[in-house]
Each structure stands twice: as C-alpha cells, then as structure tokens.
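Biologist: Please put the model on the screen. I will ask about it piece by piece.

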Amino acid sequence: MSGAPPSYSFVALPPRAKDGLVVFGKNSARPRDEVQEVVYFPAVDHDAESKVECTYISIDQVPRTHAIVISRPAWLWGAEMGANEHGVCIANEAINAREPAAETEALLGMDLVRLGLERGTTAKEALDIIVSLLDEHGQGGNYYEDAHSCHSFQSAYLLVDRDEAWVLETVGKYWAAERITEGVRCICNHLSLATKLDGEHPELRTYAQSQGWWTGDDEFNFAQVFSPADDHLDCCAGQDSLEKQEESITVQTMINILRDKASGVCIDSESFLTTASIVSVLPQNRSSPCIHYFTGTPDPSRSIFKPFIFVDDVKLVPKAQSPCFGDDDPAKKEPRFQEKPDRRHELYKAHEWARAVIESDEEQGRTLRKTMLELEKQGLEAMDEILSSPEPPDPAEVGDLFYDCVDTEMKFFK
C-alpha cells in the first residue's frame with residue numbers, strides 16, 4: 001500500500017448546485033479493516049498555556065475551540081473529514097509527491113483537518129491556520145495503524161464554507177492554494193493545482209528551483225513541478241462524475257456520485273475500501289442551517305447517510321463511537337501499533353451483518369437494501385423541509401437527530 005489511497009473530495013457551488021446551496025462530499029478510502037467513528041466535540045474554552053495532544057505530538061492550544069463533528073479512523077486524534085459550527089467543512093487527501101513525505105512523527109494531514117475545523121470560522125481562515133501550523137510543526141508520521149511499515153504521505157485539502165471553497169496542496173512545509181467561487185471541483189490523491197494559484201508559500205518557487213525541478217524560464221505549474229514523474233496528474237474519475245451531471249447538483253446527486261463503483265469513486269479493492277463518507281449542504285442564506293450527512297460505516301453503496309445539525313445541546317452518539325483504550329492504546333505507546341485492538345463500534349458491528357446479508361442472500365439482501373434506502377429518503381425529505389422553511393429548526397428537535405437516525409438504523413439490522 002505504498003501508493004496514496006484513491007479517495008475523492010468534491011464541492012459544487014452555484015450555479016451548478018441547486019437553489020443557492022453549496023454541496024460538499026467525500027469518500028474516505030483507507031485500509032479495508034480500518035474502523036471510522038463519527039464524533040461530536042462541543043466548543044470549549046481552554047486554560048492559558050495549555051497543550052493539545054494530537055496523534056503523535058503535542059502543540060499549543062488556543063483559547064477557544066469551535067464545536068465540530070468529524071469522521072475519523074478510530075486510532076488517531078485528527079479527522080479524515082468533518083464540519084464545524086460555523087459552516088466550515090474540510091476533507092483531507094493523502095498525496096504522493098516528488099518529495100517523499102517525512103516518516104518523522106509530526107502533525108498528520110488528518111490532525112490539520114481537525115485543527116482547521118476547531119480554530120477556523122471560514123474556509124480561508126482555516127487554510128491560514130493549517131499553513132501556519134505546517135510551517136511551525138511540519139507534517140509526518142505513519143498514516144496507517146501498521147507496526148511493520150511506515151506509510152507517510154503529503155497532504156491536500158478541500159476547505160469549504162457557505163461562500164467559497166479553497167483547494168490547498170502541500171509538500172512538506174511548502175504549499176499552494178486556489179480559490180473556487182463557482183462551479184464544481186474534485187480533488188483526489190494526485191496534485192491538481194496548475195498555474196492559477198491564489199496563494200502560495202513565499203519560498204515555494206525558490207525551493208523548486210533549488211531542487212532542479214523548475215528552471216524559472218517557463219510558467220510555474222505546481223502539479224507538474226511537484227508531482228512524481230510517473231504521476232498522470234488528474235482526478236478525472238471524480239471530476240468527470242461531477243461535470244457530467246446535467247441537472248443542478250443536490251445532496252442526492254452527491255450521494256449517488258459517492259456510491260458509484262463503476263467510476264472508481266467508490267473504492268472496493270484488495271487493499272482499500274471506502275470506510276466512511278460525508279455529504280454536507282451549506283445554504284448561502286445564513287438563516288438556514290448547514291446539514292451534514294455521515295455514514296459512519298464502510299461502502300456508501302451499502303450504507304445510510306444520516307443527518308447532523310449543529311445546535312447548543314447535541315446528543316452524543318456512543319453507538320457510532322469506538323471503544324476508548326486511554327493510555328493503554330497501542331497507537332499511543334512506543335514502539336507503536338504492537339497490537340491491533342478491536343475498534344469496532346456498535347453501529348459498525350450491526351452494519352457488518354447487513355453487508356453480509358446484502359452480499360450473500362439475494363432476496364433478503366434486496367429487501368434490506370430497499371429498507372435502508374427508504375429510511376435514508378425519509379431523512380433527506382425531512383431535511384429538505386427544514387431548508388425550505390422560513391423558520392429555523394427547533395433545537396430541541398434536531399439535537400437528537402443523528403442519535404435517532406443511528407438508533408433507527410440499528411433496529412433495522414436486528
């Protein structure tokens with residue numbers, strides 16, 4: 001698994017997205033047996049000079065962190081994807097670049113996703129926070145829970161809010177970024193930024209020249225300069241899936257794209273599986289709430305997208321959270337990963353049964369899948385009503401939303 005896992009992140013902005021909505025989505029391709037959990041963290045005020053323990057290193061904490069909801073591999077601190085209370089969504093992609101990623105433990109790209117969400121009130125502010133932390137602490141360390149080999153990657157990010165999106169691609173501490181204000185965009189495990197750069201590390205071009213990767217005579221193309229020689233330099237499967245949509249892109253459109261195995265967007269290979277997915281809808285009208293749909297289970301074609309809305313009193317969902325091993329966790333001890341504990345949460349275990357039924361029993365599997373899609377459809381229709389209502393939703397009703405959806409899903413699996 002030396003190559004970066006083939007996952008995809010998407011955004012559609014007006015006029016391609018429907019009714020003044022921004023639609024965000026990601027499939028997280030990870031090692032097949034890895035468990036992802038969905039976790040909510042409320043906003044917190046922190047003591048002066050306190051530290052935050054990330055996956056491998058501790059860094060200075062900020063005075064206040066925002067409320068966030070994230071989907072993350074259960075063994076690490078950061079996140080593959082998530083959202084915060086201010087309507088910021090961030091997804092991370094592992095990247096292979098011309099310069100090998102550091103194996104030395106530092107911040108993981110997934111740590112930077114969570115730090116951006118906890119500290120940024122807009123996509124651009126989150127980007128600035130990520131590149132500042134990258135400059136201060138660097139990126140590196142094992143991306144997988146694997147004692148036998150270190151799999152380290154460079155990182156790319158899709159950062160989205162109600163108004164715009166940013167693509168941020170990083171190689172070591174060096175970075176480039178592009179702002180997107182309309183249309184569609186996909187990022188994957190290849191560098192994609194070319195000549196249109198709306199931000200970059202001040203020493204980016206000097207560094208490229210010092211390595212002999214760019215002469216300075218021709219136009220600077222970030223992906224061409226920093227990609228490996230054998231890289232084919234595109235995310236065509238994901239971009240094609242977005243661009244071929246003839247109608248306005250909705251939440252349902254994005255879910256359909258994430259479920260598409262024929263295109264390669266939904267990976268199910270010998271090494272990798274789409275272990276979790278997210279779709280978010282961010283209304284440009286600020287009186288409407290942002291809604292975030294998480295699967296919390298592998299393979300979106302056999303999973304239910306369940307809605308989450310930020311309110312002051314969100315009910316926690318232990319059934320979608322993995323067991324906590326505290327300081328005894330093999331991921332926290334050195335040498336790391338000497339054991340691999342069972343990180344499956346209750347929802348994951350119930351979903352394993354459902355996947356087995358769908359794969360092995362044609363009639364029962366069809367019936368179960370139909371029931372799952374009907375349950376999801378009811379949730380989507382209820383959320384459409386909230387988005388079209390002139391009144392904000394009742395916090396008491398939506399605080400239990402994700403909890404109730406997980407609970408209902410598990411009842412169907414019994």
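Biologist: By class, how many residues in the lining of the second largest pocket are nonpolar, polar and charged?
Modeller: This is a predicted model, in which local features need pLDDT of at least 70, side-chain atom pairs count only at pLDDT 80 or more, and totals for chains, interfaces and linings use all residues. Ala, Val, Leu, Ile, Met, Phe, Trp, Tyr, Cys and Pro count as nonpolar, Asp, Glu, Lys and Arg as charged, and the others, Gly among them, as polar. On that basis the lining has seven nonpolar, six polar and five charged residues.

Biologist: How much space lies in the second largest pocket?
Modeller: A pocket is an open set of points on a 1 Å grid over the protein atoms alone, where a 1.4 Å probe fits, with protein on both sides within 12 Å along at least five of seven lines; lining residues have an atom within 4 Å of a point. Points are joined across faces, edges and corners, and the volume is the space filled by probe spheres set on them. For the second largest pocket the value is about 390 Å³.

Biologist: Which residues lie nearest the centre of the largest pocket?
Modeller: The largest pocket holds about 520 Å³ of space. Its lining has 13 nonpolar, five polar and nine charged residues, with the largest share, three residues, from β3. Of the 27 lining residues, those nearest the centre are W75, L76, W77, D329 and K332.

Biologist: Why is one side of β3 left without a neighbour in the sheet?
Modeller: The open sheet has eight strands in the order β3-β8-β9-β10-β11-β12-β13-β15, paired antiparallel, where pairing takes at least two DSSP bridges. β3 (36-41) and β15 (199-200) stand at the edges, so one side of each has no neighbour, as each has a single partner strand.

Biologist: In β9, which residue is the bridge partner of I70?
Modeller: β8 (residues 68-73) pairs with β9 in the antiparallel sense over four bridges. The partner of I70 in β9 is G82.

Biologist: Are the residues of β9 buried or exposed?
Modeller: Side chains in a regular strand alternate between the two faces of the sheet. In β9 (residues 81-84), M81 and A83 point one way and G82 and N84 the other. With the limits at under 20% relative accessible area for buried, over 50% for exposed and partly exposed in between (1.4 Å probe, protein chains only), all four are buried.

Biologist: Which residue in the turn between β9 and β10 has a positive phi?
Modeller: Three bridges join β9 to β10 (residues 89-95), which run antiparallel, and M81 stands opposite A91. The two strands form a hairpin with four residues between them, and the positive phi, about 80°, belongs to G87.

Biologist: With which residues is P341 in contact, leaving aside its neighbours within four places in sequence?
Modeller: Residues are numbered from 1 along each chain as its sequence is written, and side-chain values use heavy atoms, with hydrogens and water left out. P341 is found in the loop between β18 (306-308) and α7 (346-360). Taking contact as heavy atoms within 4.5 Å, its partners are E145, F325 and P330.
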